[in-house]
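Please brief me on the fold of this chain, topic by topic.

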Amino acid sequence: MSQWSQVQQLEIKFLEQVDQFYDDNFPMEIRHLLAQWIESQDWEAASNNEAMATILLQNLLIQVDEQLDRVSQEKNLLLIHNLKRIRKLLQGKYHGNPMHIAVIISNCLREERRILAAASMPVQGPLEKSLQNSVVSERQRNVEHKVSAIKNSAQMTDQDVKYLEDLQEEFDFRYKTIQSLEQSDKNSALIKQEMLALQAMLNTLDYKRKEVLSKIGRVIHEIDMLMSNMLTEELLDWKRRQQIACIGGPLHGGLDQLQNCFTLLAESLFQVRRQLEKLDELLTRLTYDGDPIPVQRPQLLEKVNFLLYNLFRNSFVVERQPCMPTHPQRPMVLKTLIQFTVKLRLLIKLPELNYQIRVKATIDKNVSTVSNRRFVLCGTHVKAMNMEESANGSLSVEFRHLQPKEMKSSAGSKGNEGPHMVTEELHSISFETQTSSLPVVMISNVSQLPNAWASIIWYNLSTNDPQNLSFFNNPPAATLSQLLEVLSWQFSSYVGRGLNSEQLNMLAEKLTGQQVSYNDYQLSWAKFCKEHLPGKSFTFWVWLEAILDLIKKHILPLWIDGYIMGFVSKEKERILLKDKTPGTFLLRFSESNLGGITFTWVDQLENGDVTFHSVEPYNKGRLSALPFADILRDYKVIMADNVPENPLKYLYPDIPKDKAFGKHYSCQPNEVSKPSDGGGKGYVPSVFIPVSKILNDSTDPHSPSDLLPMSPSVYAVLSEHLSPTVIETALSSPYSTD
């Protein structure tokens with residue numbers, strides 16, 4: 001089943017998450033129509049290879065053309081119209097930057113995998129639960145309701161101002177008519193009656209002016225209260241959700257709803273300001289003793305301008321945090337002289353502002369950082385905000401060609417000479433709109449990326465302060481339950497499948513050295529990333545990051561299928577296997593080797609005793625030579641005086657090996673043949689076969705390697721001419737105590 005087919009079977013709450021990241025940058029129609037083809041391409045590799053990205057973009061357009069031909073024959077007018085529009089959009093948007101669409105599609109596919117993984121996990125963690133709090137949802141609805149009510153009140157006040165204007169015009173006309181009469185006529189009873197009517201009308205005007213000013217005051221007060229309380233909380237909640245999403249958590253939505261609220265409030269404030277301007281106009285035409293307009297209007301206008309200033313200041317948000325396109329899953333880690341992107345958005349959507357606001361990006365401006373290093377931004381760092389940068393027409397600006405460059409210090413000091421490691425130094429990308437990114441970590445070598453990412457995780461897990469650049473002066477401890485949830489997100493977002501409760505239990509024991517209560521235990525930053533694991537030469541985080549890298553590059557399909565138990569201790573492993581059928585095995589990550597995976601199987605001796613065998617862990621170097629699924633298929637063990645045989649029969653608990661891994665085999669194993677039976681130019685066909693020898697005594701293995709380049713045909717020939725004892729001397733069993 002294709003990934004897209006699995007997505008379509010999700011519950012509505014997960015489908016809503018999928019809907020959030022498909023827009024005109026990559027329309028869902030194309031994802032649906034070209035699902036199989038899209039999933040068969042390597043978009044992640046193309047995101048770092050312009051030539052490959054160009055070819056993929058051309059092929060994508062060809063695929064769209066083929067779909068156009070098909071729907072044209074079916075005379076589906078709506079789909080024809082949409083596909084023509086989409087093709088034109090893709091051609092125009094990405095012709096000059098094909099790597100950009102590769103990044104977008106790669107991100108979409110990865111987010112789909114993350115959501116599929118989240119849907120398969122029955123338990124929500126504490127962080128995710130807090131983001132989906134019913135109180136928060138209720139506040140969102142209240143904000144939208146109040147904004148709508150304020151907009152209606154402002155429009156109703158417009159009608160009151162119009163009525164006031166009409167009433168004043170009538171008064172002005174009747175008053176001037178009387179004034180134009182001769183003095184003798186003014187003494188008539190009819191005129192005196194008219195003067196009394198004008199006085200009553202003036203009283204009504206005074207009442208209406210006070211009423212309008214009172215209504216305007218109430219609208220301003222309601223806007224002020226909404227901005228000071230619920231809207232501010234809503235914006236802070238969105239920023240917190242963005243922080244969590246940046247470290248692998250659920251996608252953050254709600255920005256379009258916030259934009260709608262900000263825009264309606266801005267429109268209401270501008271409407272109120274026009275009403276106050278109209279009152280000023282009426283004042284110049286008519287005033288009187290006790291007139292409320294000259295007393296109240298200046299204060300109200302000052303308050304409106306102040307609210308507009310605050311609304312605009314808070315409406316600038318960093319929609320996409322700084323990120324290198326080469327490492328889309330590691331935002332806020334920037335490497336010197338490598339381009340990164342960052343996107344700023346104005347939450348007030350007013351067409352008259354298009355191309356009127358210019359934004360300048362800087363680094364570490366007017367902030368206090370603990371780093372001795374200083375940086376400048378190279379590339380295009382001044383741009384105008386426009387509505388073309390966004391799929392929904394919002395006013396935004398995306399900086400795509402910024403490069404951080406380290407300035408040479410006259411004192412020759414380096415960042416790592418201070419109390420902090422380079423990867424603990426936080427910096428800030430800021431904009432002249434009084435907006436800043438979340439703290440970023442600057443690295444000069446890609447080998448620093450894992451520890452830099454650990455710093456980003458710890459910061460955004462532990463605080464919602466957007467600018468605490470001295471955070472690592474005294475980093476707070478983290479709640480173990482929340483940290484484990486974030487670690488599971490690393491797997492779901494990076495390799496498409498999160499961790500279950502049993503796997504998280506093993507990680508908890510490895511972090512704490514004991515079984516503890518998740519909710520109560522506080523883990524220090526040093527324990528997570530700086531102190532070596534007991535008896536090891538590496539930290540917990542380095543060990544875990546190496547496993548992520550191993551999965552991503554060498555065993556990803558097996559991990560996504562859920563066939564790798566991975567995180568299980570040796571003690572638990574034996575408990576699970578001891579009562580199983582001989583030949584039952586499981587796959588786990590090495591605890592003593594970085595980036596290693598091993599398998600352990602259960603066997604039964606002639607006396608009925610159970611024994612366990614664990615092969616020396618395979619690392620990325622050995623897995624580059626031979627796919628792991630093929631190793632499991634072809635693995636052989638030589639017992640004393642016996643013919644090699646594969647001891648791996650059932651994947652725990654009882655899945656036949658070929659049923660579990662058959663679809664991942666690279667090819668069918670070669671049949672054993674004589675040298676004369678095959679091979680080009682008289683050569684014997686050869687394949688790599690992993691072979692181990694199990695010793696009957698407790699002597700150490702003779703060789704450090706269990707991967708020997710021996711083909712089935714070679715072994716067949718050797719066995720015809722050599723005794724098993726002679727062959728045994730050339731083979732050994734590299735079993736590990738790992």
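How many disulfides does the chain count? The count comes to zero, with a disulfide taken as a pair of cysteine sulfur atoms within 2.5 Å. The model is predicted.

**Whole chain**
- The chain has 738 residues, and 48% of them are buried.
- Its secondary structure comprises 26 helices and 21 strands.
- Take the contacts between residues at least 6 apart in sequence: 71% of these join residues at least 24 apart.
- The accessible surface is about 35,400 Å². Carbon and sulfur atoms account for 51% of that surface.

**Cysteines**
- Cys108 is buried, at a relative accessible area of 4%.
- Cys529 is buried as well, with a value of 7%.
- Both values fall in the buried class because that class covers anything under 20% relative accessible area.

**Nonpolar cores**
- The largest nonpolar core holds 153 residues.
- Inside this core, the residues with the most contacts are Phe528, Phe567, Phe599 and Phe628.
- Helix H12 (residues 189-228) supplies the largest share of the core, 13 residues.

**Four-strand sheet**
- Four strands make an open sheet, ordered S6-S4-S9-S10, with antiparallel pairing.
- Which strands stand at the edges? They are S6 (382-384) and S10 (435-436). Each has a single partner strand, so one side of each is left without a neighbour in the sheet.
- Three bridges link S6 to strand S4 (residues 358-363), in the antiparallel sense.
- Val359 has Lys383 in S6 as its bridge partner.

- An open sheet of three strands runs in the order S2-S11-S8. Its pairing is mixed.
- Strand S2 (333-335) and strand S8 (426-427) are the edge strands here. Each pairs with a single strand, so one of its sides has no neighbour in the sheet.
- S2 and strand S11 (residues 440-443) run parallel and are joined by three bridges.
- Val333 stands opposite Val441 in S11.
- Helix H16 (residues 449-462) packs on this sheet and touches S2, S8 and S11.
- The direction of H16 makes about 170° with that of S11.

**Leu15 in helix H2**
- Leu15 sits in helix H2, which spans residues 12-20.
- Is Leu15 buried, exposed or partly exposed? Leu15 is partly exposed, because its relative accessible area of 28% falls between the 20% and 50% limits.
- Beyond its neighbours within four places in sequence, Leu15 is in contact with Val7, Gln8 and Leu10.
- Leu15 and Glu112 are 97 residues apart along the chain. Their C-alpha atoms are separated by 9.7 Å.

Definitions and conventions:
Residues numbered from 1 in each chain as written. Predicted model: local features only at pLDDT ≥ 70, side-chain atom pairs only at ≥ 80, totals over all residues. Heavy atoms only, no water. Pairing = 2+ DSSP bridges. Helix = DSSP H or I, 4+ residues; strand = E, 2+ residues; numbered from the N terminus. Buried < 20%, exposed > 50% of the residue type's maximum accessible area, 1.4 Å probe, protein only. Contact = heavy atoms within 4.5 Å. Areas by Shrake-Rupley, 256 points an atom, 1.4 Å probe, with all protein chains shown as cover. Core = buried A, V, L, I, M, F, W, Y, C linked by side-chain atoms within 4.5 Å. Axes fitted to C-alpha atoms, helices over the stretch in contact; angles between N-to-C directions.
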